[in-house]
Amino acid sequence: MDFNLVRQGFVATLSACILATLLGAQVPAPALLSHADGAPTTAANAASASLGISATTGVSRFSSDDGRYVVVNSRATDLVPGFVKSNTAADLFLLDRVTGAYKLISHIPGSTTQTGNGGSGTATISADGLWVAFTSAATNLVAGVTDTNGQSDVFLYDVANDVVSLVSKSGSNPNATANGRTIGCQISANGRYVASYTLATDFAPGITDNNGTNDIVLYDRQTDTNRIVTHTAASATTTFTPAGSQPDAFRLSFALSADYLIYICGGTDLVAGQVDTNDFGDLFCYDIAANTNTLITHTFSSNLTAATAGCYSGAISADGNYVLFHHNASNLVNGTDTNSNFDLFLWDRNTNTNTLVSHVAGQPTTASSSITVSGPPPLPATYNGVISADGRYCAYFHGANDLVSGQSGSGSNLFLYDRVTGTNTLVTRQPGSTTVAVGGMGGMGDNLDAAMSADGRYVAYACAATNLVTGVTDTNGVNDIFLFDRTSGTNVLLSRTLASATTTANGTPSRLTMSRNGALVVFQSTATDMAATDTNGVSDLFGAPLGAVIGNLSPAGGSTVGGYTVTVTGRGLSGVTAASLGGAAVSALNVASDTSLTFTAPAHAVGVVDLALVSAFTTVTATGVFTYNSPPSLGSVAPSSGPATGGTSVTLTGSAFTGATSVTFGGVAATFTVINDTTITATTPAHAVGAVSVIVTNPMGSNAANTAFTYTVPAPTVSNVSPASGDVAGGYTATITGTNFFSVSGVTFGGAAATNVTATSSTTITCTVPSHAAGVVSVEVTTATGTSAVNTLFTYFVPAAPQQLDITRSGTPIGHGSIDTAAPAQAGTGLTLIYTISNLGGQDLVLSGPVTQSGANNGIASLVQPATTITGGNSSPLEVTVTPAATGPFSVTITVASNDPTRNPWSWTISGTAAPSSPSGGGSKSKGSSGGGCAAGAGSLPLLALLLPLLARRRRR
């Protein structure tokens, strides 16, 4: 005996027991799905159910793959606010488990809250929850449609746009229903196709219908057309020929890939060369692209010969490669089958062969033992099979006790078949044992439904046994809902009370289904202790939340470098213990509430990735919800340098430039244009001198810091020189203004170097002007980055004799600060003196202001102003009229200001003594003589002779 194996088996059994106990304590209470609007713990006011093709097909789509959206059939009137009911039957609703809100599916045009005038029944939903196919007896769901059959029709609900359209339409009139009843619809996972059973004969042009029974019709949403699935091999528009006791086509099911469809049909000419003498329905696989049928239930010796007896049901894997079905023929497999009961088989589409699933342990071609099954006939020994997405695992009910080596116990049990190992595992077993069956699968119908997650890890099922889970108190005496975990090999109770994880609910569950990701198990129940408030006395819809429901990610994409925060909203997030993005574990996971969590994204390669949230029971994966893109990568910048003033046109090369939102140089935004994913053109902004980082940013991030561009000091510019001209001798100070006076190394005037050069700022230089020949010259500044442009901003000149201020009266010089004695005057009588202001130099003499006077000792003077500018060698008269105010001494000071640096200002005083006024009260007006202080009478001719030339000269000026 291998004691290691014994020890390992003991440890495995003990671990399973411990895990079962732990999981039992952690089972979340079922959530009430059919709740009143705004009251998630209060049951709706009428019965609700989960509808769809029976779960025996294995792919009933009652919810989106992630369990977020659930289709509900209900008679309740309080699921939707403002609800208006226009029929006496059930209506269809769509529940969003993230928001907890319902939408009415079967509504009339123009109102999202008013039902159609007839009841609605079967419904299935696409994998993404955006399309719902359903049947309805209502005649007013689509505007402008005429109902010609007065029976059930198939419709398609566009969730995003909240619009209903007709599927089972007449091939000749799209605004009329087909001429017969259409039922039992199924929608493909991608929402493109809807398959249904119909008695109509006009759903497509040119149809020849010879069977008078149900045919399967396939609607293509993209082309808005219907076609026959159950057509003869010879004609795509001719329905099959019926034979035997099961002529109808029924039990259809899509592969999730939407490439294949399986169904049961009693037709004998669906496949070319078909030989069919069994008088029962056979199972076929329809290739949607090829529009051809393949016989699945054929004998092991001929692919075209139908096996004896008939087929019960079928389930197809996601890719369509495997089909699980029940059949009571003994010639499907070359082996031994003597039980006269239904057995379970697995068809491989690639090899077109069948494998026996329900075989004796260790004997893969020997059918299980014969059993007696109680219940209403016809009750097969094996039924209700479901299959995993890859076709590896199959779950089914069976009453035999030789499927598992060492199996004991009686009654119908649930088994799990592994295609890879070819072995069966007992699911409904006592805790701590893998071989002791508990039975409890009595009765036929909805209570025996089973459902499997896409990965084959979880199987949900109904069972009346009371010893499946340790510590459970079963008080209802009916079926309860359990979950089997293939990984741990344990069972847990799902249909528990709100108050206790180990006490069964007080009602009967039915209609069991599971979301494909295994996060949600939905079932009906009459129990009243699974909701806080349940007083309606009818069946309600519950969901056992085994995992999170992922709503939205924000952001929905990011840089490959990771390190940023992602927020996830959804439902059931409080149980999340770990998460991965693109298969890489996240960090800083923070579960804020049941509806929100955050984490730090890990680094990852470019691509669209999945988010996986790990809870106690399952790992929920949202496919393709996050996109990793590279942040920009900078290769080169050309040219790689430019002036600090900016304005340089550059080309950036690199990668991931598409969608760039900014380009910065040293943190300063530049104008730019994205040429393609690897090229950007930009204009540099102004920036301080030095090497800077060039950063390109897109929604995924930014490129790494660098020193790709260097700002240099631009060549200086000279805009002004003050003064703008000067003596050829130089030696005086000039101020130069311009730009970029950094690191000044020299200043030249016409090529001659200035001295005492000082840059007082980046825009100002002072210097001593060098000597240079007369003429216009260029003033140029040289720095480390160049020399300013040639200009004509300075003029050298040879100076004339300097300006020389001279003042005389009657030819007698008037000295600065001297006293000019006036002729005798009378008080109150004006005495006019004429002075001559002369420019003895060669440059202009400019009087810098008006000649001024200030009086003293009763002197009051008025002035006739001389010329403002006196050219070299010329003069200008200054007329001063002094009017003594009273008898006695008087004096007036005259001041002349000019640009003569040697005689500025020039002042002198006019003084004299005023005699009393003449007795007559007046006196003749006197003019000052040309002599110093001598006066003549009014009639003196010599005085007139002197004044006349001066007056004439004044008038000429």
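This is a short tour of the structure, stop by stop, with something to select at each one.

**Before you click**

You are looking at a predicted model, where local features need pLDDT of at least 70 and side-chain atom pairs count only at pLDDT 80 or more, while totals for chains, interfaces and linings use all residues. Residues are numbered from 1 along each chain as its sequence is written, and side-chain values use heavy atoms, with hydrogens and water left out.

**Stop 1: the whole thing**

Start with everything shown as cartoon. The protein has 2 helices and 80 strands; these are DSSP runs numbered from the N terminus, with helices being H or I of at least four residues and strands being E of at least two. Of the 957 residues, 51% are buried. Here buried means under 20% relative accessible area, exposed means over 50%, and partly exposed is in between (1.4 Å probe, protein chains only). As for contacts (heavy atoms within 4.5 Å), take those between residues at least 6 apart in sequence: 59% of them join residues at least 24 apart.

**Stop 2: the largest nonpolar core**

Select Ile-807, Tyr-835, Trp-908 and Ile-910. Of the 26 residues in the largest nonpolar core, these four touch the most other members. Such a core is a set of buried Ala, Val, Leu, Ile, Met, Phe, Trp, Tyr and Cys residues joined through side-chain atoms within 4.5 Å. To see where it is built from, colour strand 68 (805-809), strand 72 (831-839), strand 77 (875-882), strand 78 (888-896) and strand 79 (906-915), the elements that give two or more residues to this core. Then zoom in on Ile-807: leaving aside residues up to four places away in sequence, Ile-807 touches Thr-812, Pro-813, Ile-814, Tyr-835, Thr-836, Ile-837, Val-896, Trp-906 and Trp-908.

**Stop 3: a hairpin and its other neighbour**

Next, select strand 51 (residues 671-676) and strand 52, which pair in the antiparallel sense over 5 bridges. Two strands count as paired if DSSP finds at least two bridges between them. Strand 51 and strand 52 make a hairpin with 2 residues between them. Look for Val-650 opposite Ala-682 in strand 52.

**Stop 4**

Four strands form an open sheet here, in the order 1-36-35-34, with antiparallel pairing. Strand 1 (31-32) and strand 34 (509-514) are at the edges with a single partner strand each, so one side of each has no neighbour in the sheet. Strand 1 pairs with strand 36 (residues 540-545) over 2 bridges in the antiparallel sense, and Leu-32 stands opposite Phe-542 in strand 36.

**Stop 5: salt bridges**

The structure holds 8 salt bridges, each a side-chain nitrogen of Lys or Arg within 4 Å of a carboxyl oxygen of Asp or Glu.

- Asp-224 and Lys-169: the closest N and O atoms are 2.9 Å apart. The pair links distant parts of the chain, 55 residues apart, with Asp-224 in the loop between strand 14 (215-220) and strand 15 (225-228), and Lys-169 in the loop between strand 11 (163-166) and strand 12 (182-187). Asp-224 is partly exposed at 38%, whereas Lys-169 is buried at 10%.
- Asp-220 and Arg-192: this salt bridge is 2.8 Å, N to O. Asp-220 is in strand 14 and Arg-192 in the loop between strand 12 and strand 13 (193-198). Asp-220 is buried at 7%; Arg-192 is partly exposed at 22%.
- Asp-418 and Arg-392: the closest N and O atoms are 2.8 Å apart. Asp-418 lies in strand 28 (residues 413-418) and Arg-392 in the loop between strand 26 (382-387) and strand 27 (393-398), so the pair ties together parts 26 residues apart in sequence.

**Stop 6**

Pick Asp-485 in strand 32 (residues 480-485). Asp-485 is buried, at 6% relative accessible area. Not counting residues up to four places away in sequence, Asp-485 touches Arg-457, Tyr-458 and Thr-490.

Finally, select Cys-265, buried at 0%, and Cys-463, also buried at 0%. The structure holds 0 disulfides (a disulfide being a pair of cysteine sulfur atoms within 2.5 Å).
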